[in-house]
Amino acid sequence: MDAKQKRLLLMLNGTIITYETLSEELLPLLYRLENGHLLTAFDLIGSALHWMRQETEKA
């Protein structure tokens, strides 16, 4: 893994940590019925981030 890839992986891991930290604050707001579409979007973002990390571990 070269230096650029290491930086990108570090950024990805930092983004996942930020996502997980924010989720503790945002999830109670997103669980409201009128925010269902936002909860779905937030969940999809988290899934994509974790998928990217999983794919980097395979390489």
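Where is N35 found, relative to α1 and α2? In this predicted model, N35 lies in the loop between α1, which covers residues 3-30, and α2, which covers residues 36-58. The points below begin with that loop residue and then turn to a salt bridge and an aromatic pair.

- With a relative accessible area of 16%, N35 is classed as buried, because buried means under 20% relative accessible area.
- When its neighbours within four places in sequence are left aside, N35 is in contact with L29 and L30.

**The salt bridge**

- Side chains of opposite charge can pair when their charged atoms come close.
- The count of salt bridges comes to 1, and this salt bridge is formed by K58 with E55, whose closest N and O atoms are 3.2 Å apart.
- K58 and E55 are 3 residues apart in helix α2, so about one helical turn separates them.
- K58 is exposed, with a relative accessible area of 61%, whereas E55 counts as partly exposed at 31% relative accessibility.

**The aromatic pair**

- A pair of aromatic rings is described by the distance of the centres and the angle of the planes.
- A search of the whole structure finds 1 aromatic pair, which is formed by Y19 and F42 and is stacked, with 4.5 Å from centre to centre and 25 degrees between the planes.
- This pair links distant parts of the chain, since Y19 is in helix α1 and F42 is in helix α2, 23 residues apart.
- Both Y19 and F42 are buried.

Terms used. Residues are numbered from 1 along each chain as its sequence is written. This is a predicted model: local features need pLDDT of at least 70, side-chain atom pairs count only at pLDDT 80 or more; totals for chains, interfaces and linings use all residues. Side-chain values use heavy atoms; hydrogens and water are left out. Helices (H or I, at least four residues) and strands (E, at least two) are DSSP runs, numbered from the N terminus. Buried means under 20% relative accessible area, exposed over 50%, partly exposed in between (1.4 Å probe, protein chains only). Contact means heavy atoms within 4.5 Å. A salt bridge is a side-chain nitrogen of Lys or Arg within 4 Å of a carboxyl oxygen of Asp or Glu. Rings of Phe, Tyr and Trp (its six-membered ring) pair if their centres lie within 6.5 Å; planes under 30 degrees apart count as stacked, over 60 as edge-to-face and the rest as tilted.
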